[in-house]
Amino acid sequence: MALRLFNTMSSQIEDFRPLRDHEVRMYACGPTVYDYGHIGNFRTFVAVDLLRRFLRQSGYQVRHVMNITDVDDKIIRNSARDGVSVQQYTAKYEKVFLEDAAMIGIEQPTLVRATEHIPEMADFVAKLVEKGFAYRTDDGSYYFRIAKFPRYGKLSKRDFTGMLDGARVDVDEYDKDSARDFALWKAPKPGEASWSTSIGPGRPGWHLECSVMSMHELGETFDLHAGGEDLVFPHHENEIAQSESFTGKPFAKFWFHARFLLVEGEKMSKSLGNFFTLRDLVLKGHKPSSIRYLLASVPYRNQMNFTFDGLKQAAVSVERLRNFRLRLNAANFEAGTIPEAQSLAAETVARMKAALDDDLNTAQAQAAIFEMVRQANAAFDTGGIKQDDVAPLLAALTKFDEIFVVLDDDDGTKMKRVLDWAVAEGREKDISTELCNAIQSGELSDADIEKKIDAMKSARTSRDFKTSDAIRAQLTEAGILVEITKEGIRWRRK
Ligand code: AMP
Ligand code: ZN
């Protein structure tokens, strides 16, 4: 079996085959960096991360590009309000986004920023004008003429016959049913940031940046384009219209869209008080690993209903997996093997692969590993596991964790960072006692530290400085200062 994925373009589950053997070129629409990302955004980014990791596990080399939208209406408005440049404004939120993504185990794709590709975008518009697909209005803006692109609507399956030729819209997000010529390039308004280019001064529309940067990085036709379901129309429809008019070739082969996340059954909104950033959840005392586990637990094409009960349940699940691994690593087993234990490990690996091959069914993959843990725990108690069964069981856990990334416990360090951030931002009142307790219980005890210092000492005695340095780095990461002096090794908490 190989990967089968739902393709929004065909509305069907298809065999996933990249255009080039062994290599997958994928582009995911990234964040608009004007605020902290919310858990809905991260549902989509986790879904794309799971896909990327599973493609790699399946033997592909993955070239994964994501844009950072660092210029748009909101950014221009907010930076003007705060009296800072667009760049100063977005740099802060880009950093926050990358920290948050790393906190929940999202691997960083190759990043491209809209403001770093402005001249190419202007050239792209000029070529569309030359080909008759775009026109300039009196104020110096440019629009895409959708009447020239009869396939407009093919992704979102909207029928635009009878649309008004020449009706225009200049905002990036607009009424879902209106087919209008959309802005490729916006002329500057007084007081707004703008760039001077070959087609005149102004700034790019949101849709344009993704077409230009994805093709720049991945070629005119590439394998897969991803985003949340709200991007199907107009954003991705517009990307297709621009790109295919420009090249005369198909743009992306697969269209991958994650369905929206709701909170306790409702659309997230600030006024309902159910709007959460990742940091909000951590401040309430929830572990990053629980958040990742929960976001990954619902297959990406199902609507996800985020609940605090679900988050607590996710924490229990992660704990169970970690304890199982500890048990495997710590116990002394009798020499030999048990065939049932061997086949349990092998079957689990096969079941996880089959689940993920089936349009990335993460729920089934998680169910498979839990079934293994349940059966293996029962076997532990009856002598049904021997020494040579440990490696295959651990290998199944590793395969699982290559995708889900929850086994290593670095929650305490990450939570501490969020706590420090909250203090720096003057948000002490949002720090819960649960967070403080979680950090304390995750901290290394003096005895743990002494043990590690002993290990450093013996490594140094046998001149194994690599190991000694690695342990020291671990301790530093956990907030312990280690000093190596002539008298020996000293440590203190930072
Ligand atoms: P934005 O920063 O608004 O451009 O959104 C970044 C990504 O998050 C896009 O792929 C959106 O489709 C996605 N997204 C926004 N809201 C949600 C939600 N509630 N659930 C899932 N994905 C979302
Ligand atoms: Zn995009």
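Q: How many disulfides does a search of the whole structure find?
A: The model is a predicted one. A disulfide is a covalent bond between the sulfur atoms of two cysteines. A search that takes in the whole structure gives a disulfide count of 0.

Q: Which residues coordinate the zinc ion (ligand 2)?
A: Two of the donor atoms are SG atoms and one is an NE2 atom, at 2.0 to 2.2 Å from the zinc ion. In sequence, the donor residues follow the spacing C-x180-C-x24-H. The residues are Cys-29, Cys-210 and His-235.

Q: How many residues apart in sequence are the parts that Cys-29 and Cys-210 tie together?
A: Cys-29 sits in the loop between β3 (23–28) and α1 (39–57), whereas Cys-210 belongs to helix α5 (residues 206–218). Both cysteines donate an SG atom to the zinc ion (ligand 2). The pair therefore links parts of the chain whose separation in sequence is 181 residues.

Q: Is Cys-29 buried or exposed?
A: Buried means under 20% relative accessible area. Cys-29 has a relative accessible area of 6%, so the residue counts as buried.

Q: What is the relative accessible area of Cys-436?
A: A residue is buried under 20% and exposed over 50%, and partly exposed in between. Cys-436 falls in the partly exposed class because its relative accessible area is 35%.

Q: With which side chain does the side chain of His-236 make a polar contact?
A: His-236 is placed in helix α6 (residues 232–247). His-236 is buried, with a relative accessible area of 0%. At 2.8 Å, its side chain makes a polar contact with the side chain of His-257.

Q: An oxygen atom of ligand 1 is 2.4 Å from an N or O atom in which side chain?
A: The residues that come nearest to ligand 1 are Gly-40, Thr-44, Gly-228, Asp-230 and Leu-261. For Thr-44, a side-chain N or O atom is 2.7 Å from a nitrogen atom of the ligand. For Leu-261, a polar backbone atom is 2.9 Å from a nitrogen atom of the ligand. The side chain at 2.4 Å from the ligand oxygen is that of Asp-230.

Q: What share of the accessible area of ligand 1 does the protein cover?
A: On its own, ligand 1 has 490 Å² of accessible area.

Q: Which element gives the most to the shell around ligand 1?
A: The shell has 5 nonpolar, 8 polar and 2 charged residues. The elements that give two or more residues are α1 and β12 (222–228). With 4 residues, the element that gives the most is α1.

How values were computed:
Residues are numbered from 1 along each chain as its sequence is written. Chains are lettered from A and ligands numbered from 1 in the order in which they are written. This is a predicted model: local features need pLDDT of at least 70, side-chain atom pairs count only at pLDDT 80 or more; totals for chains, interfaces and linings use all residues. Side-chain values use heavy atoms; hydrogens and water are left out. Donors are N, O and S atoms within 2.8 Å of the metal (3.2 Å for Na, K and Ca); water is not among the atoms, so sites may look incomplete. A residue is near a molecule or strand if one of its heavy atoms lies within 4 Å of it. A polar contact is a pair of N or O atoms within 3.5 Å; within protein, one must be able to donate a hydrogen and the other to accept it, and residues adjacent in sequence count only if both atoms are side-chain atoms. Accessible areas come from the Shrake-Rupley method with a 1.4 Å probe; for residues, only the protein chains shown count as cover. Ala, Val, Leu, Ile, Met, Phe, Trp, Tyr, Cys and Pro count as nonpolar, Asp, Glu, Lys and Arg as charged, and the others, Gly among them, as polar. A disulfide is a pair of cysteine sulfur atoms within 2.5 Å. Buried means under 20% relative accessible area, exposed over 50%, partly exposed in between (1.4 Å probe, protein chains only).
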